[in-house]
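Please consult the sequence and the structure alongside it.

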Amino acid sequence: MSKYCADCKYLNTKEEKVEGIYKCKLSKEFTCACNGACQKFEENYGLNSYEKQKLFDLGKNVNLNQTPCGIYLFILLFLIIFGMLLKMLGY
């Protein structure tokens, strides 16, 4: 049976970046709950299988490719300025 970060006792679910990404107590870095277990893995016997599966599913559904709103605002501003420049040149 595979082992995941969601099953590890070092996964600190109280310290989350987003739902499904939590801080590891040993590596001090944020990790996705659905990642494969590292060499320091220790089974978390305090959680039942339903809670572990819920953590794993939350990690699977995390969207890591979120584009910040600032990029969209910059593109919009650029298009507005470009459109005004074309209008002034008569296009």
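Q: What makes Lys23 in S2 the partner of Asn12?
A: Asn12 has Lys23 in S2 as its bridge partner. Strands here are DSSP runs (E, at least two residues; helices are H or I, at least four), numbered from the N terminus. The model is predicted, so local features need pLDDT of at least 70 and side-chain atom pairs pLDDT 80 or more, while totals for chains, interfaces and linings use all residues. Residues are numbered from 1 along each chain as its sequence is written, and side-chain values use heavy atoms, with hydrogens and water left out.

Q: How do you know that S1 and S2 pair?
A: Two strands pair if DSSP finds at least two bridges between them. Four bridges join S1 to strand S2 (residues 21–24), and the two run antiparallel; therefore they count as paired. Leu11 also stands opposite Cys24 in S2.

Q: How do you know that S2 and S3 pair?
A: Three bridges link S2 and S3 in the antiparallel sense, and at least two are required. In S3, Thr31 is the bridge partner of Tyr22.

Q: Why are S1 and S3 called edge strands?
A: The three strands form an open, antiparallel sheet in the order S1-S2-S3. Strand S1 (11–18) and strand S3 (30–32) each pair on one side only. From one strand to the next, the twist averages 50°.

Q: Why is Lys28 called exposed?
A: Buried means under 20% relative accessible area, exposed over 50%, and partly exposed in between (1.4 Å probe, protein chains only). Lys28 has 59% relative accessibility, so Lys28 counts as exposed.

Q: Is Asn44 buried or exposed, and how do you know?
A: Asn44 has 16% relative accessibility and therefore counts as buried. Asn44 is placed in the loop between S3 and helix H1 (49–60). Leaving aside residues up to four places away in sequence, Asn44 touches Asp7, Cys8, Lys9 and Lys52, where contact means heavy atoms within 4.5 Å. The C-alpha atoms of Asn44 and Cys5, 39 residues apart along the chain, are separated by 9.8 Å.

Q: What makes Phe82 partly exposed?
A: Phe82 has a relative accessible area of 41%, so Phe82 is partly exposed. Phe82 lies in helix H2 (residues 69–89).

Definitions and conventions:
Axes fitted to C-alpha atoms, helices over the stretch in contact; angles between N-to-C directions.
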